[in-house]
Amino acid sequence: MGVRWGRMLWSHRSVLLFILGPLLLLPLPLLLPTKEAECAFVLILMASFWALEPLPLGITAMLPAILFPFFGIMSSADVAKEYFKDFHFLLVGVICLATSIEKWGLHRRIALKLITLVGVNPAWLMLGFMCGCAFLSMWVNNTSAVTMVMPIVDAVITQVLKPGDKEGAEPTGIHNPALEMDEMDQKEQEDRRAWDQKEQEDRRAGGEDPEAPASPEQLSTDNQVADPSSRRQLDVCRALCLGIAYSSNIGGITTLPGTSPNLIFSQYISETYPESKEINFGNWLLLCLPISVIMLLLCWLWLHWLFIGSDFRFLWRCDGEKKESDRRSARIIRDEYNALGPMSPQEVVTMVLFVVLALLWLTREPGFVPGWASLVPEIYSGYTSDATVAMLVGLLLFIIPANAPTQTYKPMISWEEFQRCMPWEVLLLVGGGFALAEGTRVAGLSAWMSQLLVPLGDLPVLATILIACIIVTTVTEVASNAATISIFLPILSSLAEALHLNPLYMLIPTTLCTSFSFLLPVSNPANAVVFAYGHLRTSDMVKAGLGLNIIGLLAVLLAVTTWAVPLFDLHTFPSWVTLPPVTNATSP
């Protein structure tokens, strides 16, 4: 009886959370009838719903449209304005390009070409896949990049992880030298000897001849469970899969459109500090490209050490003639690439538009020289943005014919194809984040919370930033990246103003750390996609992600204390910040 009731309650947990959440928080606005308390009710409710997901994330993001007018914080018309911003046009343009890349197979060509360049040694193979996925995620959604690359990885795993050293060997799933290192290290030799000795002892205990050959059934079972070579193959698979999941997040932070927290941050800065011109595509690339390169290389070495081994002599060793297994692996990759054939006209058009979009972003307002945006009349200065360029390229993809003039006209992409790629939930989620941020500002909640955090000013600035980054990194493991940054941006910007710091000094590192959700399969959709292929355990992701979180945190702190300082003038309190009047922190 109890079990049945437990199952029933669990199956209705979403309804229970939806009812209990507001009821438990209701004393807050009832006992403290202030705008700050009412806004805090909305903030805590949305944060809990985003973390526990009793409702879809996009639907939770629409709660401000109901609750802010109800509490008198913002009118319905004002809330509605927050749900569609310049960010959304930028996302639409980028998704148009991503749709064309995926439709015409340009992503497969890029990924396979990178792999053929780096080779098929397990370590270099992993680096090739990671570089390809990171490059794609710089321009498309992280989840899209993973869904583009992961089928190739899965095909390589199933084809390269073949048993036997000879051509045409029958697959048994037991032994595969194709992904083994060139030399067996001492530890593996000891493992093999220990395994053989244990097997002989087990046979003696069972009254069998220790020198007699094992039956096929025993051989298959034993090797699949405990054979060191089989374990090595599984570890290589895990390293490859984790490399794809992590490199998509690492590559995504490199550019503003690469991941939603970057775009939300950019939009928040332009809305909150309209006179600030520091955040643009070029400056962000100069800041984050070194961070991504450092993180990608250290992630590669970390995964290699964790799953493949600690022998890094392959980095400087020049091999002579390749083994048959390596040649077979290289042939598989080469055949995959050759099967694509020459670049089609559609791929050429997509590549040209891709390069044009990147160049227009880089040269719009590079900062160190006048960009093309300065060519427009001064009266229209500031009218163009990265979204303008993205929408132009997206529009062209709906106009440029995909076929020859003699054939029936079809555009490069259709509306139906665009709809399948467009993350509509992200649009609502980001819009809800903007509405929540504006509500906390209008209600004065962000200023009140920043006053409570002012005692952090007694700590060194770097320690304050470190604490903020650790908090954000922890929260983003269990909540959506976009939701996390939407909650913390108004609080941390107000804290920076209260401490008389450049807001970018506080917001840039915390924005980057929001993308460091490496620990769990549910931390972000990219992790979930890779985990769904069945090559990983949750424990694999936890132990690898914990180390990578530390690597990312240190890389970001290195950046904001070195090359980011002159790039954004972080040590100077900017003139474009208007300090709010000091409020009494004891009254909510």
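1. A residue is called buried when its relative accessible area is under 20%, and serine 493, at 2%, is therefore buried. Serine 493 belongs to helix 24, which covers residues 481-498, and its side chain comes to 3.1 Å from the backbone oxygen of proline 490. Beyond the neighbours within four places in sequence, serine 493 is in contact with Tyr268, Tyr273 and Leu507.

2. As regards the overall fold, the protein has 28 helices and zero strands, and 49% of its 588 residues are buried. Of the contacts between residues at least 6 apart in sequence, 76% join residues that are at least 24 apart.

3. On confidence, the mean pLDDT of the protein is 78, with 80% of the residues reaching 70 or more. Among the elements, helix 25 has the highest mean pLDDT, at 93, whereas helix 13 (residues 216-226) has the lowest, at 39. Over residues 162-189 the pLDDT is below 50, although the model gives this stretch 74 contacts beyond near neighbours in sequence. Residues 208-228 likewise stay under 50 in pLDDT, and for them the model has 26 contacts beyond four places in sequence. Where pLDDT is low, the predicted coordinates should not be read in detail.

4. Helix 25, spanning residues 503-514, contains isoleucine 508, a residue that is buried with a relative accessible area of 2%. Once residues up to four places away in sequence are set aside, isoleucine 508 touches Phe265, Trp284, Leu287 and Phe568. Isoleucine 508 and leucine 489 are 19 residues apart in sequence, and their C-alpha atoms are 10.0 Å apart in space.

5. What is the phi of histidine 500, a residue other than glycine? The value is positive, near 60 degrees, and histidine 500 is placed in the loop between helix 24 and helix 25. Aspartate 569 also has a positive phi without being a glycine, at about 55 degrees, and is found in the segment after helix 28 (564-568). With a relative accessible area of 42%, aspartate 569 is partly exposed.

6. Turning to the cysteines, how many disulfides does the structure hold? The number is zero, and a disulfide would require a pair of cysteine sulfur atoms within 2.5 Å. For cysteine 96, the closest cysteine sulfur is that of cysteine 421, and at 9.6 Å this is too far for a bond. Cysteine 237 is also in no disulfide, the nearest cysteine sulfur being that of cysteine 241, 6.5 Å away. Both of the cysteines discussed here are buried, cysteine 96 at 3% relative accessibility and cysteine 237 at 7%.

7. Helix 4 (residues 35-52) has 18 residues and reaches 26 Å from its first C-alpha to its last, close to the 26 Å expected at 1.5 Å a residue. Its buried residues include Ala37, Phe41, Val42, Leu45, Met46, Phe49 and Trp50, and Glu38 and Cys39 are also among them. Helix 4 is followed by glutamate 53, which has a positive phi near 55 degrees.

8. Helix 8 (residues 86-103) can be checked in the same manner, with 18 residues that should span 26 Å at 1.5 Å a residue and end C-alpha atoms that are 26 Å apart, in agreement with that expectation. Why is helix 8 described as largely enclosed by the rest of the structure? The description applies because 14 of its 18 residues are buried. The residue with positive phi that follows helix 8 is glycine 105, with a value near 75 degrees.

Conventions: Residues numbered from 1 in each chain as written. Heavy atoms only, no water. Helix = DSSP H or I, 4+ residues; strand = E, 2+ residues; numbered from the N terminus. Buried < 20%, exposed > 50% of the residue type's maximum accessible area, 1.4 Å probe, protein only. Contact = heavy atoms within 4.5 Å. Polar contact = N/O pair within 3.5 Å; in protein donor to acceptor, adjacent residues only side chain to side chain. pLDDT = per-residue confidence, 0-100. Expected span 1.5 Å × (residues − 1).
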